[in-house]
Amino acid sequence: MGKLLVRTFIKNYEDTGNPEVRKKYGMLAGGFGIFCNIMLSILKIIIGIISGAFSIVGDAVNNMSDAASSIITLISFKISGKPADKEHPYGHGRLEYMSGFIVAVLVLAIALNLLKESIVHIIKKTPINVSLVTIIILSCTILVKLYMSIFYMYISRTIKSTAMRVTAVDSRSDCICTSVALISVLVMLIFKVNIDGYAGAIVALFVIKSGLEGAKDTTALLLGEGPDEETKEKIMEVSSEYPEIMEVHDLRVHDYGPGRTFASMHVEVDADLGMMKAHDIVDSIERRIVKEGLVSELTIHVDPVDANDDFTASLKKNVVEKLKGISDIISMHDFRVIRKGESIERVIFDITVPYDFSIPDDELMEKVKKIVEELPGEPEADLFIDKVL
């Protein structure tokens, strides 16, 4: 059914790398959500008012917030699909992440108010009046929401959209919420026990959980996440196929929205390779990685290394061994030696450690400087600390 909707309303639906096609996926999902959630809200409000069941009214309000979320999703996909311009040279793709965050905040606001009202109903013990029709309609809404969750997740996976994943999770939570409301109705019909207020509170807690998870996912994207391991490994794998590349480091990936990732990295090559040859190699790597769809754009910085200098190689080996004495997880790159006559004036290199490394940067810097000062001629240390995932 989901694929049928996509094939019916989206031409070239298989070309998901096309921003225009991707935009149509999002707009279809938004329009579908608006229609379904408004219909469900109207039904539940009518049932809730007639029966007096607050858990059902609360669930209806939740569906109304979902309709508003779908409107936000529809607008955001329309705008985020716009191409880059003078004011926004990296495009408008992050608006999709912002819409996901707005949806999550909206869900949280509704849920907190629902929780407050549920507590009031628990205290007042408000009576409810339910029937078989209530059970049938609630059961149907559960099936509708389940289908919506499956449909949104299908679109999320097809176009790799975090906003759609948040919406899918929200619809799945709605299934649970409506199921709780249905249980409270069944308990009232069978056992004549009113647990409506408690059911409303449980519904609110489920919605709060969904909102917090959605906010966490989209905030991480807005703040800027590091490259995922699969992308990182593939980039390293492509680079390693070129024998002239001695080492790859300082890989950075900047996410400006789905399909808009800009990356940079450093590669070490033999200084004797020559500028023209080095340029041809890195240009080939850049084009290949972009062509394979790993990133949208890649810039490579070349670090020339004197691979035939035995003296520098010996010093580097000495430093590496002593760095391992501080910690096995420390690595280094861009090792260079500045000489003045026969003596060593400066030693320059970068240290690479994880973000959660146990030794503070200042303390680590002092330890490494002492290692350099113990080298012949007591050279100065010109150091920089790189953080990696």
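Thr352 has its bridge partner in β6, and that partner is Asp386. This is a predicted model, and the pair belongs to a stretch where 9 bridges tie β5 (residues 343–354) to β6, with the two strands running parallel. Below is a quick tour of the sheet, the helices lying across it, and a cavity elsewhere in the chain.

**The sheet**
- Three strands make up an open sheet, ordered β4-β5-β6, and the pairing is mixed.
- β4 (331–340) and β6 (380–388) sit at the edges with a single partner strand each, so one side of each has no neighbour in the sheet.
- On average, neighbouring strands here are turned by 15° against each other, ignoring direction.

- α10 (residues 310–326) lies across β4 and β5, and runs at about 135° to β4.
- α11 (residues 361–373) lies across β5 and β6, at about 140° to β6.

**The cavity**
- How many cavities of 30 Å³ or more does the structure hold? The count is 1, and the volume of the largest cavity is about 40 Å³.
- α3 (54–80), α5 (132–159) and α6 (162–191) each put at least two residues into its lining.
- The largest share of that lining, 4 residues, comes from α6.
- By class, the lining has 5 polar, 4 charged and 1 nonpolar residues.
- If you want to find the spot in the viewer, lining residues include Asn37, Asp66, Lys145, Tyr152 and Asp170.

Conventions: Residues are numbered from 1 along each chain as its sequence is written. This is a predicted model: local features need pLDDT of at least 70, side-chain atom pairs count only at pLDDT 80 or more; totals for chains, interfaces and linings use all residues. Side-chain values use heavy atoms; hydrogens and water are left out. On a 1 Å grid over the protein atoms alone, a cavity is a set of points where a 1.4 Å probe fits but cannot get out, and a pocket is an open set with protein on both sides within 12 Å along at least five of seven lines; lining residues have an atom within 4 Å of a point. Grid points are joined across faces, edges and corners, and a volume is the space filled by probe spheres set on the points. Ala, Val, Leu, Ile, Met, Phe, Trp, Tyr, Cys and Pro count as nonpolar, Asp, Glu, Lys and Arg as charged, and the others, Gly among them, as polar. Two strands pair if DSSP finds at least two bridges between them. Axes are lines fitted to C-alpha atoms, for helices over the stretch in contact, and angles run from 0 to 180 degrees between N-to-C directions. Contact means heavy atoms within 4.5 Å.
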